[in-house]
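Dear colleague,

I am handing over the structure below, and I would be glad if you kept it open while you read the notes that follow it.

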Amino acid sequence: MKKVLKLKFKTAEGKTSMITVRYPKEDLSADVVKSAMQKIVDAAAFEKDGVAIYAKVVGAEYYTTQTDDIFEDNAE
């Protein structure tokens, strides 16, 4: 299984924007994640066409995917 941390924001125009973190620490508290996300918002370092991409913190979630192989052809 693979686990990523998805950080959800709203842009200055009210659209949803997301940052996906690969290999996140396990069991991060809401306070730690929210604080880190707020620092991204406060930095105002990211924009596209003059619009802040990360203007408001919305939420965060761990997202887990699982791959079930059907077969693997190892013939060379």
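Let me begin with the helix: the face of helix 1 that is turned away from its buried side carries the exposed residues Asp31, Lys39 and Asp42, where exposed means over 50% relative accessible area, buried means under 20%, and partly exposed lies in between, with a 1.4 Å probe and protein chains only. Please bear in mind that this is a predicted model, in which local features need pLDDT of at least 70 and side-chain atom pairs count only at pLDDT 80 or more, while totals for chains, interfaces and linings use all residues. Residues are numbered from 1 along each chain as its sequence is written, and side-chain values use heavy atoms, with hydrogens and water left out.

Helix 1 covers residues 30–43, which makes 14 residues, and from its first C-alpha to its last it reaches 20 Å, close to the 20 Å expected at 1.5 Å a residue; the expected span is 1.5 Å times one less than the number of residues. Helices (H or I, at least four residues) and strands (E, at least two) are DSSP runs, numbered from the N terminus. The buried residues of helix 1 are Val33, Met37 and Val41. Seen down the helix axis, these buried residues fall within an arc of 80 degrees, so they line one face of helix 1, the arc being that of the directions from the axis to the C-beta atoms. In general, an α-helix has 3.6 residues a turn, so residues three or four places apart point the same way.

What do the buried residues of helix 1 pack against? They pack against strand 1 and strand 5 (56–65), with contact meaning heavy atoms within 4.5 Å. Valine 41, for example, is buried with a relative accessible area of 13%, and, not counting residues up to four places away in sequence, it touches Phe9, Tyr54, Ala55, Lys56 and Val57. After the helix comes alanine 44, whose phi is positive, near 45 degrees.

Turning to the strands, strand 1 and strand 5 pair in the antiparallel sense over nine bridges, two strands being paired if DSSP finds at least two bridges between them. Leucine 5 has tyrosine 62 as its bridge partner in strand 5. Strand 1 also runs antiparallel to strand 2, to which seven bridges join it, and here leucine 7 has isoleucine 19 as its bridge partner in strand 2. The hairpin of these two strands has five residues between them, and in it glycine 14 takes a positive phi near 85 degrees. Threonine 11, in the loop between strand 1 (2–10) and strand 2 (16–22), is buried, with a relative accessible area of 14%.

Finally, the rings: the structure holds two aromatic pairs. Phenylalanine 46 and tyrosine 54 form one that is edge-to-face, at 5.5 Å centre to centre and 80 degrees between the planes. Rings of Phe, Tyr and Trp (its six-membered ring) pair if their centres lie within 6.5 Å, and planes under 30 degrees apart count as stacked, over 60 as edge-to-face and the rest as tilted. Phenylalanine 46 is partly exposed, at 45% relative accessible area, whereas tyrosine 54 is buried, at 14%. Ring pairs link Phe9, Phe46 and Tyr54 into a cluster. Lysine 6 lies over the face of tyrosine 63, at 4.2 Å from the ring centre, a charge sitting over a ring if NZ of Lys or CZ of Arg is within 6 Å of the ring centre and within 35 degrees of the ring normal.
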